[in-house]
Amino acid sequence: MVIKVFVATSSGSIAIRKKQQEVVGFLEANKIDFKEFDIAGDEGNRRWMRENVPGEKKPQNGIPLPPQIFNEEQYCGDFDSFFSAKEENIIYSFLGLAPPPGSKVTKSPEEASSLPNGDVAGETQSNTEGTEKAEESGQHEAQKEGKEDASDLTRSPEKNTEEITAEGAEGEADEAEADEAEAAEAEAEEAEAEAEKGEEAGPGEEEGEEEEDS
């Protein structure tokens with residue numbers, strides 16, 4: 001397979017000449033076989049190039065400008081497409097060529113993102129990361145709940161002890177009040193008994209005094 005580069009050697013545009021030189025220089029530096037076709041001095045080359053550039057790749061006026069690159073009859077692209085492929089290190093894929101042995105070639109975004117099972121690498125990685133985050137979140141929540149339960153268990157004995165102590169204190173206070181009430185009642189009963197004895201003794205003493213006077 002031969003790479004065809006359509007150029008205009010007598011173009012009056014400096015920009016076009018620079019683009020043509022860059023494409024040709026790159027192919028020569030990388031020892032990629034190619035052949036130049038001048039459209040300025042050959043009407044057949046100009047017509048063939050214009051007819052074989054896809055319609056969507058042509059400018060609004062319908063006349064594509066050089067350089068235009070083909071692999072035999074297959075259209076590769078214009079200078080902008082060539083430059084992008086070179087920057088992304090997918091120039092061999094752009095040209096439809098197999099990379100030389102031992103060369104480090106980055107696959108095109110479509111090829112790089114596709115996995116053997118048909119999945120997309122970015123989506124698979126995103127799904128994996130989402131699953132890992134969900135698992136980590138679940139573990140954190142479980143650990144948090146476990147800590148709260150342990151905290152409640154730790155507080156429970158202390159709380160029970162405080163409740164028992166409070167109940168004991170209330171019981172002792174009630175018993176003390178009951179003892180005081182009983183003591184007060186006993187004292188009142190004794191006072192009443194003494195008063196009654198005093199009243200009984202009073203009339204007897206008065207009678208004795210009257211007998212002595214008589």
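Trainee: How many aromatic pairs does the count come to?

Mentor: Please bear in mind that this is a predicted model. Two rings are taken as a pair if their centres lie within 6.5 Å, and by this rule the count comes to nine aromatic pairs. One of them joins F26 and F82, with 5.5 Å from centre to centre and 80 degrees between the planes.

Trainee: What kind of pair do F26 and F82 form, and which parts does the pair tie together?

Mentor: Planes over 60 degrees apart count as edge-to-face, and the pair of F26 and F82 is of that kind. F26 belongs to helix 1 (residues 14–29) and F82 to helix 3, so the pair ties together parts that lie 56 residues apart in sequence.

Trainee: Why is the pair of F82 and F94 edge-to-face?

Mentor: The planes of F82 and F94 stand at 65 degrees, with the ring centres 6.3 Å apart, so this pair is edge-to-face. It links F82 in helix 3 with F94 in helix 4 (residues 91–95), distant parts of the chain that are 12 residues apart.

Trainee: Are F82 and F94 buried or exposed?

Mentor: Both F82 and F94 are buried, and F26 is buried as well.

Trainee: Which residues do ring pairs link into a cluster?

Mentor: The cluster consists of F6, F37, W48, F70 and Y75. A charge can also sit over a ring: K4 lies over the face of W48, at 4.9 Å from the ring centre.

Trainee: How should I read the sheet, and in what order do its strands lie?

Mentor: One reads the order of the strands, then the sense of their pairing. Here four strands form an open sheet in the order 2-1-3-4, with mixed pairing. Strand 2 (34–38) and strand 4 (74–78) are the edge strands, each pairing on one side only. From one strand to the next, the twist averages 25 degrees. Strand 1 (residues 3–7) pairs with strand 2 in the parallel sense, over five bridges; K4 has K35 in strand 2 as its bridge partner.

Trainee: Which strands does helix 3 lie across?

Mentor: Helix 3 (residues 79–87) lies across strand 3 (68–71) and strand 4, and runs at about 85 degrees to strand 4.

Trainee: Which residues of helix 2 are buried, and why do they line one face?

Mentor: An α-helix has 3.6 residues a turn, so residues three or four places apart point the same way. In helix 2 (residues 43–52), the buried residues are N45, R46 and M49. Seen down the axis of helix 2, they fall within an arc of 100 degrees, so they line one face of the helix. Their cover includes strand 1, strand 2 and strand 3.

How values were computed. Residues numbered from 1 in each chain as written. Predicted model: local features only at pLDDT ≥ 70, side-chain atom pairs only at ≥ 80, totals over all residues. Heavy atoms only, no water. Pairing = 2+ DSSP bridges. Helix = DSSP H or I, 4+ residues; strand = E, 2+ residues; numbered from the N terminus. Axes fitted to C-alpha atoms, helices over the stretch in contact; angles between N-to-C directions. Contact = heavy atoms within 4.5 Å. Phe/Tyr/Trp six-rings, centres within 6.5 Å; stacked < 30°, edge-to-face > 60°. Buried < 20%, exposed > 50% of the residue type's maximum accessible area, 1.4 Å probe, protein only. Lys NZ or Arg CZ within 6 Å of the ring centre and 35° of its normal. Arc of directions from axis to C-beta.
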